[in-house]
Amino acid sequence: MEPLLLRALKRQPIERTPLWIMRQAGRYLPEYRALRQEAKQFLTLCRTPDLACQVTLQPLERYPLDAAILFSDILILPDVMGLGLDFVTHEGPVFRHPLQDERSIARLPIIDPAIELSYVLDAIRLIKANLKDKTPLIGFAGSPWTVATYMVEGGSSKHFNKIKKLLYADPVQLHQLLRVLAQNTAHYLQAQIEAGVDVVMLFDTWGGVLSHADFLTFSVPYMQSIVTEVKKKYPNVPVILFTKNGGRQLEALVETGADALGLDSGANVHLARQITRHRVALQGNLDPAALYAEPAQIVALVEKTLAEFGPGGGHVFNLGHGIYPDTNPEHVQVLCEAVRNLSPQFHVSQEVVMR
């Protein structure tokens, strides 16, 4: 029998709701902070397979999670495309060579992940060897639109004025950038699957800053092309799409061919289930801030989320975004136990008809 997560993503009958947490390997864990201090640089962790493996496995050594997620970053792809990535204290990711004109976009290469991102693939192989097929491994990449925002802005942004200037002033160049990113991302995810990941996920972190019309023009088609390319080669590998603030875009996202859609904390799970009509699995969507609550309240909020989804399969429990770095690790244990203890009641009968 396939692992619980894979059956849930394929909307098959399951005995309980599986759980994993976005950014589950990271700063809220003291063992991660110790390893990060030892490595000195965040990118050293990403680029060193043994260290990336250790970080990926740390949360599974603490908690009964139903998946591991590769420790990496969505911006290593543009890094190897020539933009030169640094992580600056109190500032975040910064590119030394951001895209500033038509020539810089035209020079972007089509990469070979087996060469330029071999350290990621080596980490995946090492992680899979340690997991011994007991726990599925999730690989990921950023959506073309989201990655493009960093490449044009030069790093994080509050207003996205540079990428939106490109969108309105020179949409032809933006489409060229998104096409190159979509091609590289599809190749990268295929390489991750070949190295051993069981699920792939696209993080469309900044899709929600687009209007509905622009989302349909500059985000959805490129995610759909990636899903199509991945599915063409690996039809049985589940693909998850997560668009932050994307609850209003669910109908468009369903049409991409993805197996599951991630929901942020602002989405209504019950309404999302009605809109998607069991054509995809749904993942989410407890507010990460809920883990600041007292244990009894965390349990109540877990039950509320499960009840909002309702009976039957097709649900993967997760947070609505990445876990906050000042989260109490003991509260994560409360979350895990609550999902395991409370979710079986929603899967009593495997004959439940999805509505």
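A residue counts as buried when its relative accessible area is under 20%, as exposed when that area is over 50%, and as partly exposed in between (1.4 Å probe, protein chains only). At 6% relative accessibility, Phe-160 therefore counts as buried. Residues are numbered from 1 along each chain as its sequence is written, and the model shown here is predicted, with local features needing pLDDT of at least 70, side-chain atom pairs counted only at pLDDT 80 or more, and totals for chains, interfaces and linings using all residues. Side-chain values use heavy atoms, leaving out hydrogens and water.

View A. Rings of Phe, Tyr and Trp (its six-membered ring) pair if their centres lie within 6.5 Å; planes under 30 degrees apart are stacked, over 60 edge-to-face, and the rest tilted. The count by this rule is seven aromatic pairs. Because Phe-140 belongs to strand E4 (residues 137-142) and Phe-203 to strand E5 (residues 199-204), the pair ties together parts 63 residues apart in sequence. Helices (H or I, at least four residues) and strands (E, at least two) are DSSP runs, numbered from the N terminus. Both Phe-140 and Phe-203 are buried.

**View B. Phe-160 and Trp-206 form a tilted pair.** Their ring centres are 5.1 Å apart, with the planes at 55 degrees. Phe-160 sits in the loop between helix H9 (144-153) and helix H10 (161-169), and Trp-206 in the loop between E5 and helix H12 (212-218), 46 residues apart.

**View C. Here is the largest pocket, with a volume of about 1,400 Å³.** On a 1 Å grid over the protein atoms alone, a pocket is an open set of points where a 1.4 Å probe fits, with protein on both sides within 12 Å along at least five of seven lines; lining residues have an atom within 4 Å of a point. The volume is the space filled by probe spheres set on the points, which are joined across faces, edges and corners. Of its 40 lining residues, Arg-23, Arg-27, Phe-42, Asp-73 and Phe-87 are the closest to the centre. Helix H2 gives the most to this lining, with three residues.
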